[in-house]
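Thanks for coming. I will go through a few helices and then some charged pairs.

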Amino acid sequence: MAAVGAAFARGFAAFTGRVFGPYQAAVVRIGFGLAWLAFLLREWPERRVLYGDRSPWSPDLAGQLLADNGAFTVLTWFGGRFWFELVYHLAVLAAVLVVLGWRTRASGVLFMVTVLSLQNRNVFVGDGGDNVLHVMAVYLVLTRCATVWSLDARRRRTGAGRSRGAVALWAVLGGALTAAQFGGFSGGTLDWVSAARPYPGFAPLLWGLWTVAGLWYAVNRWWPSGEPRAVLDALATMLHNCALLVIATEVVLIYSTAGWYKVQGSRWQDGTALYYPLHLDYFAPWPWLSGLLGAALLPVFLITYGTVAVQVAFPFTLIDRRVKNVLLAVMMAEHAGIAVVLGLPVFSLAMIAADAVFLPTTVLLRAGAGLSALRVRLAASRAGRTPLR
């Protein structure tokens, strides 16, 4: 019993005092930020048709669906083009800030709000990657995803942790949330209890995040090394570890359910599932490449069966690190192929970003060191000199 108690104590100490997967969380943050940014920039010319005032899915139709499913969006707060353009371009800004890791507590919330707002405005737009972004944007807010590889991390290293800009940003966001909550224009999107579903609305989440951010600043300002700071840090670490575990579980569920549903499909059973999308113009950004691959029946057959086998097997490979890493590389390569051959880059980037939660830390550290060395060489070449060896 003493050994069990000691093991439990060590596990609890690690769970509350160690941020698990900081590099994986950073890659997930950067990956999803890039995926959302790529989608927004790609659809920028048609943004008003997809989500704005020119959309066939009118605000009235969207409002009826939102009243039924209780989804959150700020686009229904005001009509007209100005509000839509403001939200859309705030989404672009939020994606850039999340990629850079600037004031991630605030930019992560703005990222979540804009992702939910645009996607819930028109649920018929997307290619599958939007569902992953939709879910992960909420989980990402709960992680400490800016511990490394971010502007926040660099600011902490240089000792510039406190600034008036952070307080001003917190106050502005609080004022905006207050106006939305009590201004009478948010409809049912900021209710404390959802009218459509038996769970709390978005008001507790947003107010809670805003309050915790203010509490963090106050504790860091007046009790930087006291017990309140230690308690908050332990709670934030536990929340991060739980959220990262949920993200990993979500990825496992995505692959396992996709694989088992494919097993039941007749086209996957006879090995022809890949053949048909290769002959659809909608999924042929490079017709010559689709035609070349579609004419090779044996590779199509093998890729079809291999996809099912990899997705079904992946959850079981988590018990063996080496096998898991091999299958992870195969799945990432498959998503890269989907991006090129079938013309689904946002979906593929979103799935690769989700897969990154399982990447080994050593691989990420080597990749980070390689990128740092490349940046140094590029900076030296621009300066007209070679780096010292």
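**Helices and salt bridges**

Helix α6, residues 104–121, has 18 residues and spans 25 Å from its first C-alpha to its last, close to the 26 Å expected at 1.5 Å a residue. Please keep in mind that this is a predicted model. α6 is also mostly covered, with 16 of its 18 residues buried.

Next, a pair of helices. Two packed helices are described by the angle between their axes and the distance between the axes. Here the pair is α11, residues 227–264, and α16, residues 345–355; they pack at about 125°, and their axes are 9 Å apart. An angle of about 125° falls between the 115 degrees that ends the roughly perpendicular range and the 145 above which helices count as roughly antiparallel, so α11 and α16 are oblique to each other.

Which residues meet between α11 and α16? On the α11 side they are V251, I254 and Y255, and on the α16 side M351, A354 and D355. By class, the residues of this contact divide into five nonpolar, no polar and one charged.

Now to the charged pairs. Side chains of opposite charge can pair when their charged atoms come close. The count for this model is eight salt bridges, and I will take three of them.

One is between R42 and E43, with the closest N and O atoms 3.0 Å apart. R42 is partly exposed, at a relative accessible area of 39%, whereas E43 is buried, at 16%.

Another joins the side chains of R47 and E85, at 2.9 Å from N to O.

The last one brings us back to α11. R144 forms a salt bridge with D233, and their closest N and O atoms are 3.0 Å apart. R144 lies in the loop between α7 (129–141) and α8 (151–157), while D233 is in helix α11, so the pair ties together parts that are 89 residues apart in sequence. R144 is partly exposed, with a relative accessible area of 22%, and D233 is partly exposed, with 27%.

That is what I have for today.

Conventions: Residues numbered from 1 in each chain as written. Predicted model: local features only at pLDDT ≥ 70, side-chain atom pairs only at ≥ 80, totals over all residues. Heavy atoms only, no water. Axes fitted to C-alpha atoms, helices over the stretch in contact; angles between N-to-C directions. Helix = DSSP H or I, 4+ residues; strand = E, 2+ residues; numbered from the N terminus. Parallel < 35°, antiparallel > 145°, perpendicular 65-115°, else oblique. Contact = heavy atoms within 4.5 Å. Nonpolar A, V, L, I, M, F, W, Y, C, P; charged D, E, K, R; others polar. Expected span 1.5 Å × (residues − 1). Buried < 20%, exposed > 50% of the residue type's maximum accessible area, 1.4 Å probe, protein only. Salt bridge = Lys/Arg side-chain N within 4 Å of Asp/Glu carboxyl O.
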